[in-house]
Amino acid sequence: MGREREVPKQPASYTVEQLVAVNPYNPDILPDLENHVNEQVSLQTYSLDTNLCLLRLYQFEPERMSTQIVARILVKALMAMPAPDFSLCLFLIPERVQMEEQFKTLVVLSHYLETARFRQFWDEAAKNRHILEVVPGFEQAIQEYAIHVLSLTYQKVPRPVLAEAINIEGLSLDKFLEHQVAECGWALEKGHGRGQLIVLPRNEFNQPELKKNTADRIPLEHITRIFPILG
């Protein structure tokens, strides 16, 4: 009998997460990580760890850096606010790359969001749709962040304040509010004059409750003993 020919073994199939875990500094996984960024965009998923791994590999292989991929990573990081993902990613991007116009724009947008300057944010975003619209779900993610910021401060939000923060007005805002009332526990009230107030769900930040702690009380007789000493 002739010798049987050995069948070559098929390479094992790994997920991107497994590739990163096994050998995060192997430049051979660069194409997989770049494809994974594009998958995050198309499938509207997000993986900070794999994106940070890709940015670190770009530091070792600068000639292979794709500025398009880097821009998409930063847009996805903006969508993750209030998490500090944008700053974490920006730290791994060389300064010379950050000086490109699209990245300077993203840094400005990040600053507006961090300082809750939503009107300026939406104005700047409108001028740079070509950078942002390639990532589906961007507008909705920022609207959720704006609502999160408002809910930390307000129990009741004037309609114009909400409209400016989430960049929705008129009938579109009416439909949005109907959904929030039905699904998220919001309520509507008449404000002063003809204004409308949006009542947000209570949380520990917009309606803190004072807690009495008897253990921290100082008996009155102890206080009266202190007065002569102070005198």
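Here are some numbered notes on this structure, which is a predicted model.

1. Overall make-up. The protein has 13 helices and three strands. Of its 231 residues, 35% count as buried. Looking at contacts with a separation of 6 or more, 56% of them are between residues 24 or more positions apart. The accessible surface comes to about 15,300 Å², and carbon and sulfur atoms hold 54% of that.

2. A look around L106. Leaving out residues up to four places away in sequence, L106 touches A71, L74, V75, L78, F86, I131 and L132.

3. Aromatics, part one. There are five aromatic pairs in the structure. One of them is F121 with W122, an edge-to-face pair at 5.0 Å centre to centre with 80° between the planes. F121 and W122 are both buried.

4. Aromatics, part two. F176 and W186 also make an edge-to-face pair, this one at 6.0 Å centre to centre with 75° between the planes. The two residues are 10 apart and link distant parts of the chain: F176 is in helix 12 (residues 170-183), while W186 is in the loop between helix 12 and strand 2 (187-190). Are these two buried or exposed? F176 has a relative accessibility of 17%, so it counts as buried. W186 has a relative accessibility of 7%, so W186 counts as buried too. The cut-off for buried is under 20% relative accessible area.

5. The three strands form an open sheet in the order 1-3-2, with antiparallel pairing. Why is one side of strand 1 and of strand 2 left without a neighbour? Strand 1 (156-158) and strand 2 stand at the edges and each has a single partner strand, so one side of each has no neighbour in the sheet. The twist averages 30° from one strand to the next.

6. How the strands are paired. Strand 1 and strand 3 (residues 196-199) pair in the antiparallel sense over three bridges. To find your way along that pairing, look for K156, whose bridge partner in strand 3 is V199. Strand 2 and strand 3 also run antiparallel, and four bridges join them. Here the residue to look for is L188, which stands opposite I198 in strand 3. When you look at the side chains, keep in mind that in a regular strand they alternate between the two faces of the sheet.

7. A helix on the sheet. Helix 11 (residues 159-166) packs on the sheet and touches strand 1 and strand 3. Its direction makes about 80° with that of strand 1.

8. P82 is in the loop between helix 4 and helix 5 (85-90).

9. Positive phi at Q44. This is a residue other than glycine with a positive phi, near 55°. Q44 is found in the loop between helix 2 (30-43) and helix 3 (48-60). Its relative accessible area is 52%, so Q44 is exposed.

10. Positive phi at N167. N167 is another residue other than glycine with a positive phi, near 60°. Its place is in the loop between helix 11 and helix 12. With a relative accessible area of 32%, N167 is partly exposed.

Notes: Residues numbered from 1 in each chain as written. Predicted model: local features only at pLDDT ≥ 70, side-chain atom pairs only at ≥ 80, totals over all residues. Heavy atoms only, no water. Buried < 20%, exposed > 50% of the residue type's maximum accessible area, 1.4 Å probe, protein only. Contact = heavy atoms within 4.5 Å. Areas by Shrake-Rupley, 256 points an atom, 1.4 Å probe, with all protein chains shown as cover. Phe/Tyr/Trp six-rings, centres within 6.5 Å; stacked < 30°, edge-to-face > 60°. Pairing = 2+ DSSP bridges. Axes fitted to C-alpha atoms, helices over the stretch in contact; angles between N-to-C directions.
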